[in-house]
Amino acid sequence: MYPLKYRYFKFIICLLLYYSLFTAHYSLAQGYPQYIPFHKSDKWGYCDSSKNIIIQPKYESLDLFNNGHARILINNHWGFIDSLGNEYLLPDSVSFIGYYWEFILVSNGKKNALMDHNFNYLIPFKYDAILDFDHGLAPVRTGEKWGYIDKTGKEVVPLIYGPGYHGKMTEGVTWQMQDGKAGFIDTNGKVVIPFIYELGSQFINGFAQVRKGGKWIYINHLGKEIEMAKYDYVGPFFDGLSAVKLNKKTGFIDTTGKLVIPIQYENSGFFHDGMAGVIINDKWGYINTKGDLIIKPKYHYGGDFQDGFANVQMVEDWMMINKKGKTITSGEYDFIIRVDKGLYIIKRKGISGVMNEKGKKLIPMNYRYINYLGNGLFIVSSNGKSGVMDCKSNTAFSSGKILIPLIYDSIETSQQGIFYARRGNKYGYIDIKGKEFWE
């Protein structure tokens, strides 16, 4: 429902820390893997936390260990290595290896296959595409037709759907296209809602939007259509209400299809925290679930409320307000974006920082680039150099603490407690204290 020019500001920059579940290759006491990639003279091997070499550097590329092995590239040949240094090389034709957590995706550039973590083929090279598993099923494609396989490789849903949408399971079902019509199937491939609609959507909070006769309506999991007026657009339900649009105006209906807030707004957001942004006379304000105007329209843009706060734009300046419309930030910014509860990246004239929900600056506005890693950690960059800062200590927010000094040309996201970094002509992995695992 948001104007296209504002959708960028809804994007949340959030790269989460990825932790291994396999203790055989992860030292919980030290906080980083037992086998750490070590870079020496353009080759890669493995060392321990004291930089003692475990597996000699001889590989062109390698990964962190996952499920007891790691991906390697040697002499332009893909394969795997175990913790003893035993190698398992794949056929010359293999051009790509990817992880699907429980499985390994391999491709020869034409067809795709799946292997288990003992390198046994679950599925031979037969599909044009294999996507990741969700609800125990993975979408697969041959030509323009999609179906689903289970974790044994069995085709539980035949490849008869498409072309186009391949469907992610939500609330136990997914919509598909067949012979130009949309319908819904369950995780067993059973058709639970017939293929009679022009388009469909995912189920969210018990309802899905479908298009019928050029208008959008709702159905429930039984396929029952909600008795309601026909709209040009209907959105998902949040807080029990959905935004609907008719003749370029917006209002809200409840889950029975009753119009409870009249179609009178130029546009709107969705309800969150009992509030929704609406446009009146080209300005954003906020209403409650009864349709009462709580915050008068005066903003050029109004974001959704989260945890009691919303980011809003006044002319070109961004600020945060509470549910009474009070501005709670100490400055005005080019943009504000929420990355976690109580953590907001702020920017002004190309300079960024981090603040909490009360407007307190946790990281001062001294940085050209800030990227959130999760768990209160941020990559920060200034004057072409990068480091890592921490904004969270236990449950209390405090001013940002530099964990890794800004001496690196680049730092990438963290996996298993270590970071990939580059400094001059040296590159490889570093830990949270900046200890470098390279020659």
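The model is predicted, and its average pLDDT is 86. The secondary structure consists of 45 strands and zero helices. Of the 439 residues, 49% count as buried.

**Overall form and confidence**

- Along the principal axes, the C-alpha atoms fill a box of roughly 70 × 55 × 30 Å.
- A pLDDT of at least 70 is reached by 91% of the residues.
- Over residues 1-30, however, the pLDDT is below 50, although this stretch has 77 contacts in the model beyond near neighbours in sequence.
- Residues 393-397 also stay under 50 in pLDDT, and the model has seven contacts for them beyond four places in sequence.
- Where pLDDT is low, the predicted coordinates should not be read in detail.
- Among contacts between residues at least 6 apart in sequence, 31% join residues at least 24 apart.

**Strands and their pairing**

- Strands of a sheet pair through backbone hydrogen bonds, either parallel or antiparallel.
- Strand β4 (residues 43-47) and strand β5 (residues 53-59) run antiparallel and are joined by three bridges.
- Within this pair, C47 stands opposite I53 in β5.
- Five residues lie between the two strands of this hairpin, in which K51 takes a positive phi near 70°.
- An open sheet is formed by three strands in the order β31-β32-β33, with antiparallel pairing.
- The edge strands of this sheet are β31 (301-302) and β33 (317-322), each of which pairs on one side only.
- Two bridges join β31 to β32 (residues 309-314), and Q313 in β32 is the bridge partner of Y301.

**Backbone details in the loops**

- Most residues other than glycine have a negative phi, and most peptide bonds are trans.
- N75 has a positive phi of about 50° although it is not a glycine.
- N75 is found in the loop between β7 (69-74) and β8 (77-82), and with a relative accessible area of 65% this residue is exposed.
- N247 likewise has a positive phi, near 50°, and is found in the loop between β24 (241-246) and β25 (249-254).
- At 60% relative accessibility, N247 counts as exposed.
- The peptide bond that joins G162 and P163 is cis, with omega about 0°.
- P163 lies in the loop between β17 (155-161) and β18 (173-178).

- D254 is placed in strand β25.
- D254 is buried yet has no salt bridge, and the nearest side chain of opposite charge, K258, is 5.9 Å away.
- The side chain of D254 is instead joined to that of T256 by a polar contact of 2.6 Å.
- Leaving aside residues up to four places away in sequence, D254 touches F237, G240, L241 and V260.

**Salt bridges**

- Side chains of opposite charge can pair when their charged atoms come close.
- The whole structure contains 13 salt bridges.
- One of them joins the side chains of K151 and E102, at 2.3 Å from N to O.
- K151 lies in the loop between β16 (145-149) and β17, and E102 in the loop between β10 (96-100) and β11 (103-107), so this pair ties together parts that are 49 residues apart in sequence.
- K151 is partly exposed at a relative accessible area of 33%, and E102 is partly exposed at 38%.
- R338 forms a salt bridge with D307, and their closest N and O atoms are 2.3 Å apart.
- Because R338 lies in strand β34 (residues 335-340) and D307 in the loop between β31 and β32, this pair ties together parts that are 31 residues apart in sequence.
- R338 counts as buried at 19% relative accessibility, whereas D307 counts as partly exposed at 36%.
- The side chains of D409 and K385 meet in a salt bridge of 2.6 Å, N to O.
- This pair links distant parts of the chain, 24 residues apart: D409 is in the loop between β41 (396-408) and β42 (410-415), and K385 is in strand β40 (residues 385-393).
- D409 is partly exposed, with a relative accessible area of 32%, and K385 is partly exposed, with 31%.

How values were computed: Residues numbered from 1 in each chain as written. Predicted model: local features only at pLDDT ≥ 70, side-chain atom pairs only at ≥ 80, totals over all residues. Heavy atoms only, no water. pLDDT = per-residue confidence, 0-100. Contact = heavy atoms within 4.5 Å. Pairing = 2+ DSSP bridges. Helix = DSSP H or I, 4+ residues; strand = E, 2+ residues; numbered from the N terminus. Buried < 20%, exposed > 50% of the residue type's maximum accessible area, 1.4 Å probe, protein only. Lys, Arg positive; Asp, Glu negative; His and termini not counted. Salt bridge = Lys/Arg side-chain N within 4 Å of Asp/Glu carboxyl O. Polar contact = N/O pair within 3.5 Å; in protein donor to acceptor, adjacent residues only side chain to side chain.
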